[in-house]
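Visitor: I would like a short tour of this model, please. Where shall we begin?

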Amino acid sequence: MKHHNTLYHYTDFQALDGILRCAQLRVNNVLNMNDAAEMRHFMGGLCRAILRRLETEGEYRLMGTVRTLFREELKKEFFYSAYAACFSFLRDDAAQWERYGNRGRGICIAFQEDLLQRMTGGAVTLQRVFYQDDMTGHELTEVFCRLIRAGADGTDPALRKVMQDAWLRSVAFKHPSFSSENEMRLVVSPFGREFLDVKPGYHVSTERIKKYYPLDLHTMCTRAGASLEDLVTELIVGPESTQSTSILQDYLRDLGLDRLAGHVFPSRCPLRRLPI
């Protein structure tokens, strides 16, 4: 079920507090997500598509050049890694609750898509995720083949620019097995940008340190001529959450979010796990 112009972010209550009380949306390194192989999936698929094209043309010598180029490029994965916040077009969806909504004990936050799009710019983009396995027909395959045939190597400026474009696009591609997620991503791509006015932060847990970029929602909304309540339009409490609706509404009113307090709903998703 898609509500027109609405994107849904499934998360936990700590993240909700960061978004509403601190007006901060954290975009996390894609390499830390549970589907971290997606950027490698895109780059690997692109490499295979280029090799197939060159093989059909009998350009066997150039195939070795391409293998070396991509092998060296994949070593730079962290430098090119993007940061993202994930949204779905699906409201109150069982799979989303299970994967991203703290196993149904979290919260689903509704965002106004058109406003979120107006808030982007520069290193921040809103991208629809595409689910594809075969890159044979992708436009970058032909671009790479043309440059390789012309003798370009890893130091060629034109080839470096196309490779950077490939990394930028890789964050919006996922394996087809994830297609049911129907996903959009708010992406920060720090690399290759002369100016990014967001400084990274670091979350330290007992097990590891994670890097993220905190986006200032108040500033972004103001620039778009809107408020936080224009951006966040609804909250859905998870199907297995013990959260009191009345306390959540008091919390919202104390934050000055009276309008949002009137749009808090319990999930109707029949997500019930069997006892172990």
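Predicted model: local features only at pLDDT ≥ 70, side-chain atom pairs only at ≥ 80, totals over all residues.

Visitor: Thanks! In which loop is Asn-182 found?

Guide: Asn-182 is not a glycine, although its phi is positive at about 50°. With 24% relative accessibility, Asn-182 counts as partly exposed. As for its place, Asn-182 sits in the loop between β7 (173-174) and β8.

Visitor: Is strand β8 largely enclosed or open?

Guide: In general, side chains in a regular strand alternate between the two faces of the sheet. On one side of β8, Glu-183, Arg-185 and Val-187 are buried, and on the other Met-184, Leu-186 and Val-188 are buried too. Since six of the six residues of β8 (residues 183-188) are buried, the strand is largely enclosed.

Visitor: How far apart are the axes of helices α3 and α7?

Guide: Leu-62, Val-66, Leu-69 and Phe-70 in α3 meet Phe-144, Ile-148 and Arg-149 in α7. The crossing of α3 past α7 is right-handed. Helix α3 (residues 60-74) and helix α7 (residues 139-149) pack at an angle of about 115°, and their axes are apart by 11 Å.

Visitor: Which residues touch the most other members of the largest nonpolar core?

Guide: Leaving aside neighbours within four places in sequence, the contacts of Leu-20 include Leu-228, Val-232, Leu-235 and Tyr-251. The largest nonpolar core has 41 residues, and those touching the most other members are Leu-20, Leu-231 and Leu-235.

Visitor: With which side chain does that of Asp-17 make a polar contact?

Guide: Asp-17 is part of helix α1 (residues 13-20). Not counting residues up to four places away in sequence, Asp-17 touches Cys-22 and Tyr-251. The polar contact, at 2.6 Å, is with the side chain of Tyr-251.

Visitor: One last stop: is Arg-103 buried, partly exposed or exposed?

Guide: Arg-103 lies in the loop between α5 (94-100) and β4 (107-112). Its phi is near 55°, a positive value in a residue other than glycine. Buried means under 20% relative accessible area and exposed over 50%, so with 45%, Arg-103 is partly exposed.

Note on methods: Residues numbered from 1 in each chain as written. Heavy atoms only, no water. Core = buried A, V, L, I, M, F, W, Y, C linked by side-chain atoms within 4.5 Å. Buried < 20%, exposed > 50% of the residue type's maximum accessible area, 1.4 Å probe, protein only. Contact = heavy atoms within 4.5 Å. Helix = DSSP H or I, 4+ residues; strand = E, 2+ residues; numbered from the N terminus. Polar contact = N/O pair within 3.5 Å; in protein donor to acceptor, adjacent residues only side chain to side chain. Axes fitted to C-alpha atoms, helices over the stretch in contact; angles between N-to-C directions. Left-handed = near helix turned anticlockwise from the far one by under 90°.
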